[in-house]
Amino acid sequence: AVVCPDGRSIILFCKGLIEALLLIPGTQVIVLTEAGTSLSEIKSLKAGCIEVPFFRFPNPLWDFKYCVRLYRIFCRERFDFVYNISTKPNIYGTIAAHFAGVPRIISHIVGLGSAFLPATTIKQHAIQISVKFLYKLASRWNEKLWFTNKNNLKYFIDCGIVRNSQV
């Protein structure tokens, strides 16, 4: 399974991965995303698609619902492998996959996102602390974490969010 927030990001960032995976005999790729207008493009990749509603901004209730939806899908589909991309899938996709018993989990950190910008309000500080904690918790269950940006990797290692052996 490939877990990504939106269909456009699947096409922009995961197309090559999906095409490469499908070259492996017997491999089926299912995308978990809010496909939107990209559904036909995703299906043209010969990947299955399960729609998962996604709320972009921090909201504990919506984030919990997202995690539960992913967990139920992982239990039902019994995937061998989950590849997460973007902050919420990296956190909630990993947590859901772990508790659903998915044997292999990899997360792709494309960027740090707005939660890691300098915090100037109490709300921003709370979000930043929460995201760091959740990333640290979730990263324990990733077989590997792939960083697009070496500065982000250094930041995660310096903050104790990930270990060198995971990257």
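**Exercise 1. Characterise the second largest pocket: give its volume, its lining and the make-up of that lining.**

Step 1. Take the volume. Grid points are joined across faces, edges and corners, and the volume is the space filled by probe spheres set on the points.

Step 2. List the lining. It holds 14 residues; Ala1, Thr27, Gln28, Asp80 and Phe81 lie nearest the centre. A lining residue has an atom within 4 Å of a point.

Step 3. Sort by class. Eight lining residues are nonpolar, three polar and three charged. Ala, Val, Leu, Ile, Met, Phe, Trp, Tyr, Cys and Pro count as nonpolar, Asp, Glu, Lys and Arg as charged, and the others, Gly among them, as polar.

The model is predicted: local features need pLDDT of at least 70, side-chain atom pairs count only at pLDDT 80 or more, and totals for chains, interfaces and linings use all residues. Residues are numbered from 1 along each chain as its sequence is written, and side-chain values use heavy atoms, with hydrogens and water left out.

**Exercise 2. Describe helix α4: its span, its kink and its burial.**

Step 1. α4 has 14 residues and reaches 20 Å from first C-alpha to last, close to the expected 20 Å. The expected span is 1.5 Å times one less than the number of residues.

Step 2. Find the kink. α4 bends by about 25°, centred on Gly93. The bend at a residue is the angle between axes fitted to the seven residues ending there and the seven starting there.

Step 3. Check cover. Eleven of the 14 residues in α4 are buried. Among them are Lys88, Tyr92 and Gly93. Buried means under 20% relative accessible area, exposed over 50%, partly exposed in between (1.4 Å probe, protein chains only).

**Exercise 3. How many salt bridges are there, and what is the setting of Lys88–Asp63, Arg104–Glu143 and Arg76–Glu77?**

Step 1. Apply the rule: a side-chain nitrogen of Lys or Arg within 4 Å of a carboxyl oxygen of Asp or Glu. The count is five.

Step 2. Lys88 and Asp63 pair at 2.5 Å, N to O. Lys88 sits in helix α4 (residues 87-100) and Asp63 in helix α3 (residues 60-77), 25 residues apart. Lys88 is buried at 10%; Asp63 is buried at 7%.

Step 3. Arg104 and Glu143 pair at 2.8 Å, N to O. Arg104 lies in strand β5 (residues 104-109) and Glu143 in the loop between α5 (122-139) and β6 (144-147), so the bridge ties together parts 39 residues apart in sequence. Arg104 is partly exposed at 39%, and Glu143 is partly exposed at 35%.

Step 4. Arg76 and Glu77 pair at 3.1 Å, N to O. Arg76 is exposed at 54%, whereas Glu77 is partly exposed at 34%.

Terms used: Helix = DSSP H or I, 4+ residues; strand = E, 2+ residues; numbered from the N terminus. 1 Å grid on protein atoms, 1.4 Å probe; cavity = no way out; pocket = protein on both sides within 12 Å on 5 of 7 lines; lining within 4 Å.
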